Amino acid sequence: STCVVDAKWPEIERLDEVLVNSCQYLFDAAHDFRLWYNNQTNPKNKKQVANLSTEKLTHGTFYVAEKFPEWQDKIMRTLKELFDPKENAFPDNKIIAEKIKTLNLPNRYNKKIMPFAQKVKGDVLTIGPHVLNEKSLFNEMEVLNENIEYLTYTLGLEEVKIRPAHEAKEEKIRDECCPLKPMSMFYVMPNVAIRFVNPQPCNGLFSVDVPVYEGDTWEKIKKRLRSQTKVNENAPLKIYRYKDSVKGPFTIPNLEDHLGDKIECDLSAMGVSINWDEKQVEMLQGDVKIAINNVLIY
């Protein structure tokens, strides 16, 4: 054994800067997404307030850009040329403005050009010169997809999708989304509610309405049911349907045999179908559709 006074300092592994930067990127993105969400739910613009939906936003799409939009890319290249890495400084704003003026960018970007340049300057001086890189040091879509469950939960959404910025319908996103600065849109998806009823006496579980969306699975629906009823994930949860989906919900329950007129559903072998015209959710067993009249038992 070695005496403590002769022991060497422990060797520290080299810092994984890519991992650190990707972690910070995730935190910054989640913060920005919350701001976007709050802006959509509590807009300051009068026109936005007039068009504000009373329904809770349920879904979101996050847009990621692999490269800068053309007008931003030209400004980034110019700033990269003007940046002095030895002094860690840029020339005066007047020189930057004159240089950018020679780029002959489209007039519709005039109000965005200098604010963007100033923001990049600030990021370079506070974060580092790697901000001027044309591409991110890591795969942004991969980072967001790996943490999509966290992002969905922290924003209180039903589902989140990650998409390239060039696929966005909104011109603002296509023109302004850039590497390391993902953008987002939140919206309300149409749904049909299933009423889940618990017939067990003296257990404190109430009837709840659970929304069902296009493309849902029974696993997702059960997860929403657990969330609304506070049923633990590890607790057994069985789903039943009425033998007669029309008369069943209106029959006086038999407390001594509350499952007598019901059939247990093997949801693992079933799909979900929505009849939007009649606003009805149906169970799919192969090619057969089973009517439930939007009422199930749990």
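A residue is called buried when its relative accessible area is under 20%. The structure described here is a predicted model. By this criterion, 36% of the 298 residues of the chain count as buried. In helix α3, the buried residues are Trp71, Gln72, Asp73, Ile75, Met76, Thr78, Leu79 and Leu82. The cover over these positions includes α4 (93–101), α5 (110–126) and α8 (171–176). Helix α3 itself takes in residues 70–82, 13 residues in total; at 1.5 Å a residue these should span 18 Å, and the distance of 19 Å between the end C-alpha atoms agrees with that value.

As a whole, the chain contains nine helices and eleven strands. Its C-alpha atoms fill a box of roughly 85 × 75 × 35 Å along the principal axes. The radius of gyration is 28 Å, whereas a compact globule of 298 residues would have one near 19 Å. Among contacts with a separation of 6 or more, 65% join residues 24 or more positions apart.

Three of the strands make up an open sheet with mixed pairing, in the order β2-β1-β3. Its edges are formed by β2 (159–164) and β3 (183–187), each of which pairs on one side only. From one strand to the next the twist averages 20°. Six bridges connect β1 (residues 59–64) with β2, and the two strands are parallel. Within this pair, Tyr63 has Arg163 of β2 as its bridge partner. Helix α1 (residues 17–41) packs on the sheet and touches β1 and β3; between the directions of α1 and β3 the angle is about 40°.

A second pairing involves β8 and β9, which are antiparallel and joined by five bridges. One of the bridges links Gly271 to Leu284 in β9. The two strands form a hairpin in which four residues lie between them, and Lys279 in the turn has a positive phi of about 55°.

The largest nonpolar core has 22 residues, of which Ile194, Phe196, Trp218, Leu225, Ile239, Met283 and Leu296 touch the most other members. At least two residues of this core come from each of β4 (191–197), β5 (208–213), α9 (218–229), β8 (271–275) and β9 (280–285). Apart from it lies another core of 20 residues, which includes Ile75, Leu82, Phe83 and Ile113. Two of these, Ile75 and Leu82, are also among the buried residues of α3. In the largest core, Phe196 was examined individually. With residues up to four places away in sequence left out, Phe196 touches Phe206, Ser207, Val208, Val210, Ile221, Leu225, Ile239, Leu296 and Tyr298.

Asn88 lies in the loop between α3 and α4, while Asn294 is found in the loop between β10 (288–291) and β11 (295–297). Asn88 counts as partly exposed because its relative accessibility is 36%. Asn294, in contrast, has a relative accessible area of 12% and is therefore buried.

Terms used: Residues numbered from 1 in each chain as written. Predicted model: local features only at pLDDT ≥ 70, side-chain atom pairs only at ≥ 80, totals over all residues. Heavy atoms only, no water. Core = buried A, V, L, I, M, F, W, Y, C linked by side-chain atoms within 4.5 Å. Buried < 20%, exposed > 50% of the residue type's maximum accessible area, 1.4 Å probe, protein only. Contact = heavy atoms within 4.5 Å. Pairing = 2+ DSSP bridges. Axes fitted to C-alpha atoms, helices over the stretch in contact; angles between N-to-C directions. Expected span 1.5 Å × (residues − 1). Rg over C-alpha atoms; globule rule 2.2 N^0.38 Å.
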